[in-house]
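This report goes with the sequence and structure shown below. Please keep the structure open while reading.

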Amino acid sequence: MASRSTKAVIHREGGIHNTSGRAAHQFFVYLPGVDLCSKDGEVRHKAAEALASLCKGERLAKALAGNLPPMLRGLKAGEDAPVKLAILGALRSIAEKNDAIAVAQHSYALLPCLKDENILVQRKVSALYRVLAEEGAAAMVARDVTSIMHCFESTQASNSSLSAPLEALAAIACAGEGAAVARVVERLLIGLRDPRPKIRCGTCTTMAAIGRGGAKELLGYLGLVEDPEAIANAGTLFEMLVCVALDDKDETVRLAAADALRCLPEADPDTCDETRQRFPKLVERVRKLYSGYAKGETEEILLNALGITTGEACVICQDPLHLDGGPLELRCGHIFHKKCCESWIEWVKRCNRTPSCPLCRAHIFDAWGKINK
């Protein structure tokens, strides 16, 4: 092994090797006597770690971005996982220093890592794809959407599903490449059956990103579920997301599903009437389920998506009148929830007062002791 003072040069046309001279189109960096081309795995690992350390500096990261092929040798098939992890870390540092385009131009070298046997490598390369998309190279890495999806499916098959591929797909979609990610939306739905809430939530977030990334109308056509028995007998993407928003045991997942729901064309305010006619059972189920329950963000999204008008609010509890068992109109013309009115009467009686309208104080009971209505 060479000494630590060995000078290594990275040629713009060549690789990393030891040298004592200085030539045109070269720049010099000091590495701890290591070489990515060595047959010694430990030497290659040290070389990769040295590059990752160098890439943390602004100037050297910029210089290395101009000559990535030598570094990409550390990602070749059969390379040790520690070497790959270090190189992927170096590439991420370069991408985060305004050179995402340079890294994305060589995304072909990242594809084998998506199929790597080491789950840490899969996680790290997926995270790199997310960074590339967020740093302005989404259009270039959108061509790798199918491979990223395959990475997610392979980890699902081994019961070690990763959220990193989902985050990468969401980032690509959010950057305006929703149409590219929409190509795998039907395969993406398997994430909703994952036992881990984080994966189910990530799946919903990715679908929301697809809609917001310019593929909202496209989702309306691609939303058919291949396995209608999979999730509450849902036959379309819209129905399936409503069922997840209603039935999932995790509150975060329910909210994420509702958020994805409003990114579908069926949830557009201009099509609410048509949506209610298409899904009468869902409308009825939402009405019944939320009757008597406290209002939350998920409920509000569902009601809006299905075009269920909330109408006026009960002045006693401030919830929409269609909830809590429906409204009760008194003879004086004021309307409250029936349950709220009954609770009000009970409270007034305990205070030894004559029950009256909470607003105008008109007597609630007639001469026969029945509620005036």
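## Overall make-up

The model is predicted. It contains 16 helices and five strands. Of the 373 residues in the protein, 50% count as buried.

Contacts between residues at least 6 apart in sequence were also sorted by separation, and 56% of them join residues at least 24 apart.

## Helices α6 and α8

Two packed helices are described by the angle between their axes and the distance between the axes. Helix α6 covers residues 119-141 and helix α8 covers residues 164-182. Their axes come within 8 Å and cross at roughly 5°. An angle under 35 degrees counts as roughly parallel, and α6 and α8 are therefore roughly parallel to each other.

On the α6 side, the contact is made by R123, S126, A127, Y129, R130, A133, E134, A138, A139 and V141. On the α8 side, A164, P165, E167, A168, A171, I172, A175 and E177 take part. The residues of this contact divide into 12 nonpolar, one polar and five charged.

Helix α8 has 19 residues, yet its end C-alpha atoms are only 18 Å apart. A straight helix would reach 27 Å at 1.5 Å a residue, and α8 falls short of that.

Where does α8 bend? The bend is at G176 and amounts to about 135°.

L162 sits in the loop between α7 (145-157) and α8. Is L162 buried or exposed? Its relative accessible area is 3%, so L162 is buried.

Leaving aside neighbours within four places in sequence, L162 is in contact with I119, Q122, R123, F152, T155, R196 and I199. I119 and L162 are 43 residues apart in sequence, while their C-alpha atoms are 8.4 Å apart in space.

## Helix α11

Helix α11 is made up of residues 237-247. Nine of its 11 residues are buried, so α11 is largely enclosed by the rest of the structure. The buried residues are L237, F238, M240, L241, V242, C243, V244, A245 and L246.

N98 is not a glycine, but it has a positive phi of about 65°. The residue is found in helix α4, which covers residues 81-104. How does N98 stand in terms of accessibility, and why? Its relative accessibility is 65%, so N98 counts as exposed.

R361 is also a residue other than glycine with a positive phi, here near 65°. R361 lies in the segment after α16 (338-350). At 45% relative accessibility, R361 counts as partly exposed.

S38 is placed in the loop between β3 (26-30) and α1 (41-54). With a relative accessible area of 21%, S38 is partly exposed. Apart from neighbours within four places in sequence, S38 is in contact with V43 and R44.

How values were computed: Residues numbered from 1 in each chain as written. Predicted model: local features only at pLDDT ≥ 70, side-chain atom pairs only at ≥ 80, totals over all residues. Heavy atoms only, no water. Axes fitted to C-alpha atoms, helices over the stretch in contact; angles between N-to-C directions. Helix = DSSP H or I, 4+ residues; strand = E, 2+ residues; numbered from the N terminus. Parallel < 35°, antiparallel > 145°, perpendicular 65-115°, else oblique. Contact = heavy atoms within 4.5 Å. Nonpolar A, V, L, I, M, F, W, Y, C, P; charged D, E, K, R; others polar. Expected span 1.5 Å × (residues − 1). Bend = angle between axes of the 7 residues up to and from the residue. Buried < 20%, exposed > 50% of the residue type's maximum accessible area, 1.4 Å probe, protein only.
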